[in-house]
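Thanks for coming, everyone. Please take a look at the model on the screen, and then I'll walk you through it.

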Amino acid sequence: MFHSGTQTLIDHWTALPQAERVPARAAFDPMAMGALAPQLFTAERSGARLRLAGGWIERAHGQALGGVDWLTVWREDARKMVTAAIVQAFREARPVVLVAEAEGLNGPLEIVIAPLRSASGEADRLIGLYQPTHPGDRSPD
């Protein structure tokens with residue numbers, strides 16, 4: 001069973017039009033995620049370059065992340081697993097959940113990623129959410 005924040009993104013993505021074939025990025029409204037918005041990120045499929053990362057995520061990593069290769073924020077030994085999860089999300093056209101530990105947090109993170117289509121119609125974007133599972137690690141926003 002996933003954390004309620006993780007499940008919220010999964011449910012929101014699943015309810016989008018054409019979720020069975022990867023919904024359009026334009027159909028996803030980050031503000032509909034309410035208090036979870038600072039924990040959202042978007043990335044490009046090719047190269048996993050982060051297009052946008054919420055304030056909570058940037059504070060957790062201690063840096064601005066716009067334009068950064070998302071794989072570089074992971075330990076090198078975890079990058080193959082993360083790459084496989086990205087491939088799986090696009091291949092199966094569905095959200096995939098990763099569990100990770102991060103310095104400075106008291107518990108693990110659930111990170112859900114889900115594919116989206118750009119304006120060109122190509123499935124080439126990811127939406128993701130970092131969900132801390134320990135109450136002391138929640139976003140102060």
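Let's start with the largest pocket. Its lining has 16 residues, and Val 73, Trp 74, Ala 100, Glu 101 and Ala 102 lie nearest its centre. Helix H2 (55–61), S3 and S4 each give two or more residues to that lining. The space inside is about 430 Å³. By class, the lining has 11 nonpolar, two polar and three charged residues.

Now the ground rules. This is a predicted model, where local features need pLDDT of at least 70 and side-chain atom pairs count only at pLDDT 80 or more, while totals for chains, interfaces and linings use all residues. Residues are numbered from 1 along each chain as its sequence is written, and side-chain values use heavy atoms, with hydrogens and water left out.

Terms, quickly. A pocket is an open set of points on a 1 Å grid over the protein atoms alone, where a 1.4 Å probe fits, with protein on both sides within 12 Å along at least five of seven lines; lining residues have an atom within 4 Å of a point. Grid points are joined across faces, edges and corners, and the volume is the space filled by probe spheres set on the points. Nonpolar covers Ala, Val, Leu, Ile, Met, Phe, Trp, Tyr, Cys and Pro; charged covers Asp, Glu, Lys and Arg; the others, Gly among them, are polar. Helices (H or I, at least four residues) and strands (E, at least two) are DSSP runs, numbered from the N terminus.

Next, the strands. Which residues of S3 sit on its covered face? On strand S3 (residues 96–100), they are Val 96, Leu 98 and Ala 100, while Val 97 and Val 99 make up the uncovered face. In a regular strand the side chains alternate between the two faces of the sheet.

S3 pairs with strand S4 (residues 109–117), antiparallel, over five bridges. Pairing takes at least two DSSP bridges between two strands. Val 96 has Ile 113 as its bridge partner in S4.

S4 itself is another story. Nine of its nine residues are buried, so S4 is largely enclosed by the rest of the structure. Buried means under 20% relative accessible area, exposed over 50%, partly exposed in between (1.4 Å probe, protein chains only). One side of S4 carries Leu 109, Ile 111, Ile 113, Pro 115 and Arg 117, the other Glu 110, Val 112, Ala 114 and Leu 116, and both faces are covered.

On to S5. S4 and S5 run antiparallel, joined by nine bridges. Arg 117 is bridged to Ala 123 in S5. The two strands form a hairpin with five residues between them, and Gly 121 in the turn has a positive phi of about 95°.

Now the core. The largest nonpolar core has 29 residues; Phe 41, Trp 70, Trp 74, Ile 86, Ile 111, Ile 113 and Tyr 130 touch the most other members. A nonpolar core here is a set of buried Ala, Val, Leu, Ile, Met, Phe, Trp, Tyr and Cys residues joined through side-chain atoms within 4.5 Å. H3 supplies the largest share of this core, five residues. Apart from it lies another core, of 14 residues, including Trp 13, Leu 36, Leu 116 and Leu 129.

Take Trp 70. Where does Trp 70 lie? In the loop between H2 and H3. Trp 70 counts as buried because its relative accessibility is 1%. Beyond residues up to four places away in sequence, Trp 70 touches Phe 41, Ala 48, Leu 50, Val 82, Ile 86, Leu 98, Ile 111, Ile 113 and Tyr 130. Contact means heavy atoms within 4.5 Å. The C-alpha atoms of Trp 70 and Ile 113 are separated by 12 Å, with the two residues 43 apart along the chain.

Ala 48 is in the loop between S1 and S2. Its phi is near 55°, positive in a residue other than glycine. Ala 48 is buried, at a relative accessible area of 3%. Ala 93 sits in the loop between H3 and S3. Ala 93 is not a glycine either, yet its phi is positive, about 50°. At 18% relative accessibility, Ala 93 also counts as buried.

That's my tour. Over to you.
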